[in-house]
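Subject: Structure handover

Hello,

Here is the structure you are taking over. My notes follow below it.

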Amino acid sequence: MAARCAGRALSRAARSVINAEYNRAARSQTVQRLTCTAAPGSSSSGQDADRLKAVQFADAEVQDILNRITGLDLNKVFQPVKQELKPPKYRLLTDTQLEEAAHKAGTQAKKLLKMPPVLPERKPIEEVLCEDKMLEGMDKAKYVFTDITYNIPHRERFIVVREPSGTLRKASWEERDRLLQVYFPKNERKLTPPPMFKEENLKVMFGQNRHHAVLNYCLVQFEPDSAEFKRVHALTYEDIEKNGKYNLLWSTRLFGGLVWHLISSQRIDGLLSDMLQRDRVHDAESLVHLFNLAHPQSDSALQAQQQQASGLELLKIYADCECQRPGFIKLALQVYEQTKTQSSA
Amino acid sequence: MAASIRSIVRAPSRIFLVLQRIHQTQVTVGVLRAPVITPVIRNFFYSSKLLNLESSEKNDHGVESLKDLSRYKDKPWKYLESEEYIERYGSKPVWANYRRNHKGGIPPQKTRKTCIRRGKTCGNPCPICRDQNIIIHYQNVSLLQQFISPYTGFVYDPTRTGVCMRQQKRLNTAIETAKLHGLIPTQLPFVDYTGEDYSNSHGAVAHTPPPPSKTPDEPWYSWYGSIEPNEHELARVKKIYKSYLK
């Protein structure tokens, strides 16, 4: 707690220093930016088509980087959960058995940190299978026919609706979700979304810093490609980014989604500065590398490709080209380099 | 049990009243009998069940009217920060100093059904009914948390807290609503996304081509005519079901 306050005070002091420096160095900055934007014309067009293809969330490279950035804090991942209390079990282990147990804990933690998928929004189902004028006015209610065979995936299950006007159509996504919950109920999922996902209640939750609880409930309640899922996630990420509360989701399965959202909307400055504050320089480098992969046509990506940069140089290039708050990042890099040289000397 | 005894006791008294009224009408002029008899019949048909229903409604109103008179009926959570509350309960939960009265060493496994019947409170009411200002509301989170274990997250049994069954039900519903609103943290299951296909390419959720125009010569599916059974298998099955085949 005191350490955090000290850290925040330091950052505030640093920012005030930076602002003064930035005002003085404004002209030199603009000169540097001009040199950055002059770069793109040099690369060949043939290689452009291959290298400038932006990566997707599901790519192995992206997943690898995100897993590394997420980190592994065993205390946070295996936090004691409120459940029925049982007396504790003690075991005596040899050294090899202890290593094995630690290894098992690591694999279990990796399973628990597996990221939920980021998918494009699902297109609405609007298909009429048959129009039977004969059945018009037969009943005032709609009839829903669901295929309840056990061993088929839910996305291959046929659910059709017979309207009172006689049309036989495929059920919409919301109807599908509701009926699948009726016939194949999932734990803790409600038929109607709980009032927690309304704006006012979400704000209360954000005020109490319970973003992880909101997102976990969202994962339980909604399908990953539904509109509601995306809306709740977007609101949560916006609130985190506005208040700089990145550490709430660090070392949880939800961090990857947050990072991807920020990268897609090109707003990684806050996260970068937060990482540098917490001395996670390698994570910061991976983040900038991922940004370059996701936006291969951006200035920093092209510059980095030209100079074949890696490590701290990547960060410097990013700070020069794309960053909205370059001063803080440069200062942090300087401090890191100084400490490195001091420790080596 | 007590209600049925009471109804049995009431019945002869009603019959007596009826007989009295009939006697009175017999004494008076016969013309007036008809209008006089209808209230008699109404009394006779005034069964004990109807009386009990009315009294139970009155009971609910009785309980709610007691809490409605409280100063904190609009904002029940304010009471838990007031001086009155702190003086009475301090930092302990509301049910800490309550002790049930029962015969023998082992208490009955259910607490009493309700503390307030027909507007009258019983002796030794439960921790919620004895204090007019303690109102069970889903937004009154600090009160609800007193009835949830901080270690397991389960709601305490009424035999432990001493609340009557009616208040326990109301407490359970309030806690559930609070959990749905996100005011009380819940333990959620881990959602596994491995092995799920989100491509949405199957005909059930994607666009399927319309059926081909009807040509009676062509079979519906292209493979309808071309599949032929294995002859050995066919012979084997025919041999097994020989007696059933024509």
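Contact here means heavy atoms within 4.5 Å. Helices (H or I, at least four residues) and strands (E, at least two) are DSSP runs, numbered from the N terminus. This is a predicted model, in which local features need pLDDT of at least 70 and side-chain atom pairs count only at pLDDT 80 or more, while totals for chains, interfaces and linings use all residues. Residues are numbered from 1 along each chain as its sequence is written, chains are lettered from A and ligands numbered from 1 in the order in which they are written, and side-chain values use heavy atoms, with hydrogens and water left out.

Helix H12 of chain A

H12(A) covers residues 269-277, and eight of its nine residues are buried (under 20% relative accessible area, with exposed being over 50% and partly exposed in between; 1.4 Å probe, protein chains only). The buried residues are A:Asp269, A:Gly270, A:Leu271, A:Leu272, A:Ser273, A:Asp274, A:Met275 and A:Leu276. They pack against five helices of chain A: H4 (60-70), H11 (255-264), H13 (281-294), H15 (312-321) and H16 (326-344). Just after H12(A), A:Asp279 has a positive phi of about 60°.

Two packed helices are described by the angle between their axes and the distance between the axes. Axes are lines fitted to C-alpha atoms, for helices over the stretch in contact, and angles run from 0 to 180 degrees between N-to-C directions.

The axes of H8(A) (residues 199-207) and H9(A) come within 8 Å and cross at roughly 135°. On the H8(A) side the contact involves A:Leu202, A:Met205 and A:Phe206, which meet A:His211, A:Ala213 and A:Val214 of H9(A). These residues divide into five nonpolar, one polar and no charged (Ala, Val, Leu, Ile, Met, Phe, Trp, Tyr, Cys and Pro count as nonpolar, Asp, Glu, Lys and Arg as charged, and the others, Gly among them, as polar).

For H9(A) (residues 211-221) and H10(A) (residues 227-243), the axes come within 10 Å and cross at roughly 165°. This pair is therefore roughly antiparallel. H9(A) contributes A:His211, A:Val214, A:Leu215, A:Cys218 and A:Leu219 to the contact, and H10(A) contributes A:Phe229, A:Val232, A:His233, A:Thr236, A:Tyr237, A:Asp239 and A:Ile240. Eight of these residues are nonpolar, three polar and one charged.

Two loop residues of chain A

A:Glu156 sits in the loop between strands S2 (143-146) and S3 (159-162) of chain A. It is partly exposed, at a relative accessible area of 32%. Not counting residues up to four places away in sequence, A:Glu156 touches B:His202 and B:Ala204. A:Glu156 and A:Trp173 are 17 residues apart in sequence and 13 Å apart in space, C-alpha to C-alpha.

A:Gln297 is in the loop between H13 and H14 (299-307) of chain A, and counts as exposed at 61% relative accessibility. From C-alpha to C-alpha, A:Gln297 and A:Ala54 are 8.7 Å apart in space and 243 residues apart in sequence.

Chain B

Chain B has eight helices and two strands, in the order α-α-α-α-β-β-α-α-α-α along the sequence. Of its 246 residues, 28% are buried.

Regards

Technical notes:
Parallel < 35°, antiparallel > 145°, perpendicular 65-115°, else oblique.
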